[in-house]
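Please open the model in your viewer and keep the selection panel at hand. The stops below say what to select next and what is to be found there.

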There are 6 protein chains.
Amino acid sequence: MLPIAELDTLLDRALAEDMPGGDLTSELTIDAAVLARASAVARKNLVVARVFERVDATTRVTTKLADGTRAAKGDVLWTVEGNARALLAAERVALNFAQHMSGIATLARAFVDAIPAGSRAVIADTRKTTPGLRALERHAVRVGGARNHRNDLTSAVLIKDNHIAAAGGIERAIERARSGAPHTSRIEVEVQSLDELERALAARADIVLLDNFELAELEVAVRRAKGRAILEASGGVSLETVTEIAKTGVDVISVGALTHSAPAADIALDLELA
Amino acid sequence: MLPIAELDTLLDRALAEDMPGGDLTSELTIDAAVLARASAVARKNLVVARVFERVDATTRVTTKLADGTRAAKGDVLWTVEGNARALLAAERVALNFAQHMSGIATLARAFVDAIPAGSRAVIADTRKTTPGLRALERHAVRVGGARNHRNDLTSAVLIKDNHIAAAGGIERAIERARSGAPHTSRIEVEVQSLDELERALAARADIVLLDNFELAELEVAVRRAKGRAILEASGGVSLETVTEIAKTGVDVISVGALTHSAPAADIALDLELA
Amino acid sequence: MLPIAELDTLLDRALAEDMPGGDLTSELTIDAAVLARASAVARKNLVVARVFERVDATTRVTTKLADGTRAAKGDVLWTVEGNARALLAAERVALNFAQHMSGIATLARAFVDAIPAGSRAVIADTRKTTPGLRALERHAVRVGGARNHRNDLTSAVLIKDNHIAAAGGIERAIERARSGAPHTSRIEVEVQSLDELERALAARADIVLLDNFELAELEVAVRRAKGRAILEASGGVSLETVTEIAKTGVDVISVGALTHSAPAADIALDLELA
Amino acid sequence: MLPIAELDTLLDRALAEDMPGGDLTSELTIDAAVLARASAVARKNLVVARVFERVDATTRVTTKLADGTRAAKGDVLWTVEGNARALLAAERVALNFAQHMSGIATLARAFVDAIPAGSRAVIADTRKTTPGLRALERHAVRVGGARNHRNDLTSAVLIKDNHIAAAGGIERAIERARSGAPHTSRIEVEVQSLDELERALAARADIVLLDNFELAELEVAVRRAKGRAILEASGGVSLETVTEIAKTGVDVISVGALTHSAPAADIALDLELA
Amino acid sequence: MLPIAELDTLLDRALAEDMPGGDLTSELTIDAAVLARASAVARKNLVVARVFERVDATTRVTTKLADGTRAAKGDVLWTVEGNARALLAAERVALNFAQHMSGIATLARAFVDAIPAGSRAVIADTRKTTPGLRALERHAVRVGGARNHRNDLTSAVLIKDNHIAAAGGIERAIERARSGAPHTSRIEVEVQSLDELERALAARADIVLLDNFELAELEVAVRRAKGRAILEASGGVSLETVTEIAKTGVDVISVGALTHSAPAADIALDLELA
Amino acid sequence: MLPIAELDTLLDRALAEDMPGGDLTSELTIDAAVLARASAVARKNLVVARVFERVDATTRVTTKLADGTRAAKGDVLWTVEGNARALLAAERVALNFAQHMSGIATLARAFVDAIPAGSRAVIADTRKTTPGLRALERHAVRVGGARNHRNDLTSAVLIKDNHIAAAGGIERAIERARSGAPHTSRIEVEVQSLDELERALAARADIVLLDNFELAELEVAVRRAKGRAILEASGGVSLETVTEIAKTGVDVISVGALTHSAPAADIALDLELA
């Protein structure tokens, strides 16, 4: 339920970027009346996150696998039928979106799958998104089964070390934030040590972000904070480390790589003339 | 020399996306008059590709390492001084750009470094760019020492298998393209086999893209095309395979991963209050 | 610390709206070289909320009273010096912004002033803002001393009667929301009766919005919810009723009128030729 | 007959403003397949000015009362049917537009109704509109039965005191304006006294704006100007004073409050699940 | 005094259109540090209408001949100094604007010069402008010494034959227009014959547009309308016919060709390296 | 196959430019329910290049003559049926586009027709396009039977005299360009003399632009370059000189006037009420 207009702005920009004055090759080599049908094929395992929105008013897209489904190599994700020139002109932009979104959803799914059964931990994204694509990338994160963190700087309060330094201490920073923040926002504080955790808990922070804590420290933190605050582990989390982090008992594990380093999914478009 | 307005459009969108109504935390925890100074630090080896453009009219950015320089872990890339609230509000968006661009430049540099001495091959990007960021990503590719392919569908002709099928054969497709294309554009044709290469050469294609050719096939192709056309190898090229591909003697090796799968570079911003 | 670009978008639109092809009258009646100086005068009591941003690169604005100061009739808010044609062309747009923002800040201040000493209640705005002006209006609300509610539908969860009906009950709605919402968002539920309040508290809602409750009901609600949830009173709150509502002990009183029905402040621009 | 694109720009901006990344609550609490039907109900007397434009391609709006009709409390203005998530996500933006436009139309109607039978006076708006919403607000003014003044600074000439001062007198200002203005524009001059009125009439102004004239002065002005110019009364006109002003015989009464201080109309949306 | 933002929108679009990803040639052939100086030279007689606005923050433009001055062949209009790459990248866009605007100003000047001494006729443009460039083109018309007609459909009323047919006659159309139009707008009616002129005058039209009248008819029309309405001659007016039309005594001669068929002025940019 | 969004951006801008607040005249003189039918009539010989895109969702356009067809005086190009107010409001913008595009296509056709049978020369446009309209104008050029030159500065390399001076000679400029340009771009060099031609050919330029060469020089150039480079003649080419230039044997003749000086085609819209 992203605003259509926002999606269109992105897609229109991408289309204009790719064909400022039309598609030379298709217009030169293909008669205007030729129709075609194309299928998006998954070459390796992936989660389908994003499909054609609108490429041409005369084309018709049929979804074959719902968003969030795990696709096997060779599965057809969606097919699109219409004017051959239009399909070829739009192909690259459509795939650029689909591969990017699917790449993120696939990586999110891998992190979620790495959480051991019985763990309370959820995987969350961060604000480390590709400029201009945040809404889409957060959607892909959800499609992959993970959670979203706060949407933006206006949505909620997260006090970091620099805020603490500028405010004159954890207690003062939390107090200032609580006295002005929207009541819908929990107050989150980032801490670098168990000592800082204690101070944050004493100042009644709602959430504490444990920045780059060792596993042993995380375990101590969980014991100390029990019932007093939501605990978020963050900092260089990878598929190799996420399972052990989850076992410490933290509530949230946030992963910047979900959106800033997901490799593109391998999706190809096979076309046949009608 | 990208148009300022284009950059601003991207940056403005990214800023609005991240703070639709301001930065709650900084405004609540930091006095308006506090000044600060921040430094961007490279944690591991990378090529600096992109720096702050404009984040606030009152901040001042100083570049410490020129674009394209190889940075060692701990090197300071640039520093920025100004209002503490503004630095913290802009931090994430600035880093999102910097990490994305540097990631691409770093990966491009790795591919270029993998070309053996004496090889004629150059590394080129593709149109597999992140929607909306093409100009920036192509700039990062150049900063990393690689080449750009055609900018968009309007810039030059590249005839693919589907165009050939729709046009009724390689010869017919090349003839149609040549009869209407801007004379500044070479005519490039994608082929799937050595037989198709022969037909493309016979029809006097200017460039032939060898799609997913085995190394042995590439060597044959190079011998046959000698002096008759520019040869471009493409399809699943990786850092593991690029050196051997270059040794076959092809002229251009195009790599989609440069722009669609480069992991973000690790850049952090260390802030100290003034 | 609103993004400059967002402000410029609004202002540019407003300027284009007001002079699609220039200012006929000023260009026809005033020589291009004439300079002038204008002062914004408060005719009745108001809070200064907003001043000229940029109207012309050659004009210079001097603020005389800081934002948030209570101005008396006749006080000069700011002066602006520059080309006479430019001042007259920009006058109306500048005043339209200033009068609108000051009107909201003034009304917010009046509501805040109506909270009796010792009350815990804070005044908050709502999402009932003028389309396109939300960031500015929320800024004006803060300038007037009141709080902002959640910024938008993506920022935080607020479950209303229709969500409850569609989800199949208060408990189910809260459970679904908690299982997917960003952990930075408190879960708020709107209730229509004391019975619904009980169910919301039992389901551990973080905030309960008491919709159109009578004063007596509010008092009961405060006693029952003590320490279990944040209570927000909403619905037709006016300057006549807000003091009594605050006395009931609710935590937040949200007032749509702050942004949808604030009359424009009376600000005039007195100009003298230089 | 406002350009669709202009309306869409406004609405799209308003929607993006309200849900930068979707509607958390509806998506979390309501199944995607749930359908619903909503009705906009008038709680007190108002003129319906504005209805849903487009909120979702799958929703269907039915107008129950035509624009300009006087609605009684409880009347249904329009109903909308469609996906429950979409209706709830769009509700606030739709109502923000509807309440703002209806508020203006209702106030315009009140001013028009206050003109005594037999009076020649018409009510007109001013350029004191909400930035960005001028076209919509002027439309609401017409729906309410009042007239529009000049649309913008490019449309027509209105010489104010500052223009007169800069030009060197009323006569000189009128002469300069007449010698360059589009012939489709009447020449209007603002005057502060009966003496200035004489000079404006002598210089053959087409329209004279009587700024903040007392009732007695207005009567004198009407007698003197009879047949020589159109007379417009302006300055602090209220529902209390408009009837007497109309009785003086002026042709036009312009009222800034129509657009800058109209309280929002009270419109609610009642939703039932299908 | 066009809004800067409007100009920037145009220029930014033009620059993005011309270098979506930078200027290949300049970046490849010129070192980044090279400085240069360029002069705009008039090769034949023209009126200078438009000069560089902003092309690069580091370039400096000096105007040598003021707007509206008649330039002789070889005169230098303006010079620009700065980075050589930037000057060459911006050259074509700057000249495209300058040549277009100067072409219009030059043609407008030619029409104005063709009005015989003593004639009351003024030359006016029409709404036949290049889409998107109306404000600039109308400015060029004024620079050339001619007048602007109404700016747009919202500015003023012009009743054409189709409006008359749909309204049910000239009298009815004028009456409807007068009853709703802003009082700042004169009521103009287009007529096809002397009979229709009579009806328009009887209905007290303020302006009558005589569409494609013969010279003899124009003379009759002028005699009949004397003092009763402003007369505008329109329809296929050329430099060959305009003098005779002016001699008939009409007040306004509107010429679509001013903006839709003015050939580009011949302006070149001579560059020397610094 | 221009991106719909780009066309809409242009058209929307043009519509907003022409009716910022609706069409006064049509709304005042015509009942909302009146339907009409309009036909676009060619008054003199022209090539139909452009037709209504979208003006109103309720109107229906029927093309009578395909793009590129030669129309005789009086031929109907297209008809449009719908709401009378909408047709009249959109008329001018639609015609402004149609007349501009048709004017260019007609002029392009005239140049193409002037090429003698048997000549190899093709007519090409340049980057001297109207700011913001390049994609449309290049489309019109193709409709008229001519070719497009490079689309923009990013598409391909064209080395001019200033690049040569800054690079330090033709050879150095070509070498630098070849070492960095996309392999899809031919390297074009502009030369001012036969000597420079020799140097460009020796440096293996792919295309040589002969700038303002005399006919005799062109003939020499063609003999010398035979088979070594594509030759483009440019500079002040007119309908009077193009035939002789074509006879010299050059490959391409580029004509700036195609897009910067084509007079508008004469297209009118005849409307009848339904």
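**First stop: two helices of chain C**

In chain C, helix H7 passes helix H8 in a right-handed crossing, a crossing being right-handed if the near helix is turned clockwise from the far one by less than a right angle, and left-handed if anticlockwise. Helices (H or I, at least four residues) and strands (E, at least two) are DSSP runs, numbered from the N terminus. The contact, meaning heavy atoms within 4.5 Å, is made by C:Leu194, C:Leu197, C:Glu198 and C:Leu201 on the H7(C) side, and by C:Glu217, C:Val220, C:Ala221, C:Arg224 and C:Ala225 on the H8(C) side. These residues of the contact between H7(C) and H8(C) divide into six nonpolar, no polar and three charged, where Ala, Val, Leu, Ile, Met, Phe, Trp, Tyr, Cys and Pro count as nonpolar, Asp, Glu, Lys and Arg as charged, and the others, Gly among them, as polar.

To see the geometry, select residues 194-202 for H7 and residues 215-225 for H8 of chain C, whose axes come within 11 Å and cross at roughly 20°; axes are lines fitted to C-alpha atoms, for helices over the stretch in contact, and angles run from 0 to 180 degrees between N-to-C directions. H7(C) and H8(C) are therefore roughly parallel to each other, since angles under 35 degrees count as roughly parallel, over 145 as roughly antiparallel, 65 to 115 as roughly perpendicular and the rest as oblique.

This is a predicted model, in which local features need pLDDT of at least 70 and side-chain atom pairs count only at pLDDT 80 or more, while totals for chains, interfaces and linings use all residues. Residues are numbered from 1 along each chain as its sequence is written, chains are lettered from A and ligands numbered from 1 in the order in which they are written, and side-chain values use heavy atoms, with hydrogens and water left out.

**Second stop: chain A**

Select helix H3 (residues 84-113) and helix H4 (residues 134-143) of chain A, which pack at an angle of about 45° with their axes 7 Å apart. That angle makes H3(A) oblique to H4(A), and their crossing is right-handed. Among the residues that make the contact are A:Phe97, A:Met101 and A:Ile104 of H3(A) and A:Leu136, A:Ala140 and A:Val141 of H4(A). The contact of H3(A) with H4(A) divides into nine nonpolar residues, one polar and two charged.

Next, show the side chains of A:Arg199 and A:Glu171, which form a salt bridge with the closest N and O atoms 2.9 Å apart; a salt bridge is a side-chain nitrogen of Lys or Arg within 4 Å of a carboxyl oxygen of Asp or Glu. The pair links distant parts of the chain, 28 residues apart, with A:Arg199 in helix H7 and A:Glu171 in helix H6 of chain A. Over all chains the count by this rule comes to 36 salt bridges.

Finally, display chains E and D together: 24 residues of chain E are in contact with 24 residues of chain D. The two chains bury about 1,900 Å² between them, 50% of it on carbon and sulfur atoms, buried area being the accessible area (1.4 Å probe) that two parts lose on being put together, summed over both. Select E:His183, E:Thr184 and E:Arg186, which supply 39% of the area that chain E buries against chain D, more than any other three residues. Two salt bridges are found across this interface of chain E and chain D. The side chains of E:Asp206 and D:Arg186 meet in a salt bridge, at 3.0 Å from N to O.
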